[in-house]
Amino acid sequence: MSEDIKVDKVMDLKGMPCPMPIVKVSKGIKDVEVGQVIEAITTDPGALADFPAWAKTSGNEILKTDQQEDLIKFYIERKA
Amino acid sequence: MEIVYYIILIPMVYVAFAVFFVGTGVRLVKLFREPRNPTTLQIFPDKRPRWMWALHDTFLLPTVRRHNPIFWVFLMLFHISFLLLIIGHLELIGDFRIFQIVQHEVFLGNGFVGLILSISLLFFLFRRFASPNRDLSVPEDYYLLILLFLTVFFGSQMDWARRWYDYGNLSVVEYREYLSSLLYLKPHLSPDLTSSGHSFMLVLHVFFANLFLMFFPFSQIMHSFLSLPMNKLRRG
Amino acid sequence: MDQKTRDELLKLFQGKLNEAMKFYLETCTRCGVCTEACHVYASMGQIKYIAAYRHEIVRRIYKKYFKGRGKIWPSVGEARELSEMALEELYEAAYSCTGCRRCMVYCPFGIDTQMIMSIAKLLLIGAHTEPEILTLLADTSVEKGKSLELFKEGFLTGIKNLEKEVVKKWKIEAGETAIPVDVDGADLLYVALAGAHSIVPAAAIFNAAGENWTLSFFEAVNFGAFVGDPTKTKLILDRIVKEAKRLKVKEVCICECGTAFRVMKQLSGKQPFEVSSITEVHSRYLREGRIKVDKSKFKEPITYHDPCQIARNGGVIDEPRYILNRLSDDFREMSPEPKYNWCCGGGGGLVALGEDNLDFRMKSAKVKADQVQETGAKILTTACENCHTQLSDLNSHYEMGVEVKFLSSMVADALMQ
């Protein structure tokens, strides 16, 4: 977990087939209140383009992208 | 009564044929002037020559043969008989040497063409009474089948009357006189044609045929013309 | 529904009426030969899933507004008004149809149900009653193309991180790049999906074959086509075409995704490059001896699910069989003829609806599960992401006890150095 961001929900999207990470996160974001944050963990390199584009389309905000060796973590704040 | 006979046998026939030819022609021209689909609609594997396979699919109905063989038998019998029926009617206008390659008496088929058509039409109609075809059918499917059945049945009666129960008052001579008078735009009804005991068969036959012809261009019977281009789309 | 909305929807309808569409709408005789064709009907037995019934939902509206008959004698064809109710029926018809076109093999005229359903899908978009998630996916995809520069850096790092996975499968010479990106003048542009599973095995095989290839920035799948939005479909397609032209590649190779392959192959028009599926490319490598595979790798019986958009609708039928016969001595056909293969039940965007329609997807694909089990195979392979997801769901739902695998990853696993 990132130190400066308070995470309200963690979603494990590792190794999911296309387009499940986006589908899941779209659903998941509705489970938290506006202003709360989701941590989405994925292994898909494509997610690095998909998530920012999804956030822009759906009107949410990616606070931070944490790229590790095998994992990619997105911290997404529900805006709308 | 005479006036009704007259209207059905002359003006209505002209109107029916006008609607049939103009309607079909205009609709086909309009359909074929629509823009083509931007992508192929082919089903694979690809088989060549494609147009040959499209003809095969159109005239031999292989998909029906495979999935519903009984229906296929009736469909083939029906469509072949329908073709013979058209030839038979052309011969009621005049002599065509080409059709007499196989020597036969006019009207061809010894009455069996009409019989096969009638039975096939009843089969087509009755199969729609059972689910799931009943649930798929809409009124026009029944109307068309009933209309065709009535047309064919009364038409066949005229044929059967002569051949099977020796009623010879109305014969090919009278029909030829009537049909050619219509064709040469000098319509004429001889008293032999309208006063015979079997005249009502003729009148009903022509009446239902007129209705069918007028409905044709606006119905799914347009598949007569569209089946080939559609099968070509599937073959690529 | 108010008049203005209806007029707008009818305008959308009108826009779909080309020659083929009119043939399809004018000709059906409701003969019922298509009854047995649909996997949903075969599995669930409800009339509303028969292809001809689905057509009629659209056709009734056509009869009402686009045929003279609809004005003077609407009842003859049961012409129906475009209403909220009609939209509900359209939804039911369109989103229970996977667009597999199996019914087209049955129809004596070859009526294309998928094409008729595209009207339904477009009307639903017009009325904003389409599945929200599909539009979101399409919009996300469009957005990605618009702001490429924004995502480029992150994407490239992500790809770099994958390279060691590729090298695990196939060692490369020092100085070579395991996943080349943006290579001007490459022979082959590989368009993958977002997931690593779509990139790693493919990369290993390209490297093994010594291919001069490059990975696309974009993902292959066309969500525009799923939701049935022609404008978005074109947008998503065009940027791959543009990239291929910019890099001057000779071939665009589409990953294991049925929709992506069919859209690219059939909708891209005449281009200076060839479009091929990854299955075709792999079979070519094997034929030409550019890669070698170890037959002892997979010992259990294998069966192959033909993805509808790739086989029946895309023409890639012999190639997977060629590959499988090189991978195994026990390859078992599922259907006597590939064009009769049952759809997995997940096409047309249904899988992307996720949990929402899981119950329907499982019930409607019972025949598929049965078909797989009848082969007795232990490995179920396919060449489409969508099918793979759906087949995996079926596998656990029906406890089929098979292993669902991508054909490309089987090839990658069996590569001989």
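Q: In what order do the strands of the open sheet in chain C come?
A: The order is S6-S5-S7-S8, 4 strands of chain C with parallel pairing. The model is a predicted one, where local features need pLDDT of at least 70 and side-chain atom pairs count only at pLDDT 80 or more, while totals for chains, interfaces and linings use all residues. Residues are numbered from 1 along each chain as its sequence is written, and chains are lettered from A and ligands numbered from 1 in the order in which they are written.

Q: What counts as a strand, and when do two of them pair?
A: Strands are DSSP runs of E with at least two residues, helices are runs of H or I with at least four, and both are numbered from the N terminus. Two strands pair if DSSP finds at least two bridges between them. In general, strands of a sheet pair through backbone hydrogen bonds, either parallel or antiparallel.

Q: Which strands are at the edges?
A: In chain C, S6 (331-332) and S8 (403-406) are the edge strands, and each pairs on one side only.

Q: And how many bridges join S5 to S7 in chain C?
A: There are 4 bridges between S5 (residues 302-305) and S7 (residues 379-382) of chain C, and the two strands run parallel. C:Tyr304 of this region stands opposite C:Thr381 in S7(C).

Q: Which helix packs on that sheet?
A: Helix H19 (residues 385-397) of chain C does, touching S5, S7 and S8 of chain C. Touching goes by contact, with C-beta atoms, placed from the backbone, within 7 Å. The direction of H19 makes about 175° with that of S8(C); axes are lines fitted to C-alpha atoms, for helices over the stretch in contact, and angles run from 0 to 180 degrees between N-to-C directions.

Q: New topic: how many residues of chain C are in contact with chain A?
A: 28 residues of chain C are in contact with 25 residues of chain A. On the chain C side, H10(C) gives the largest share, 9 residues.

Q: Which pair of chains has the most contacts?
A: Chains B and C, among the 2 pairs that touch. Chain A and chain B have no contact, and their closest C-alpha atoms lie 26 Å apart.

Q: What is chain B built from?
A: Chain B has 12 helices and 0 strands. Its C-alpha atoms fill a box of roughly 60 × 40 × 35 Å, taken along the principal axes.
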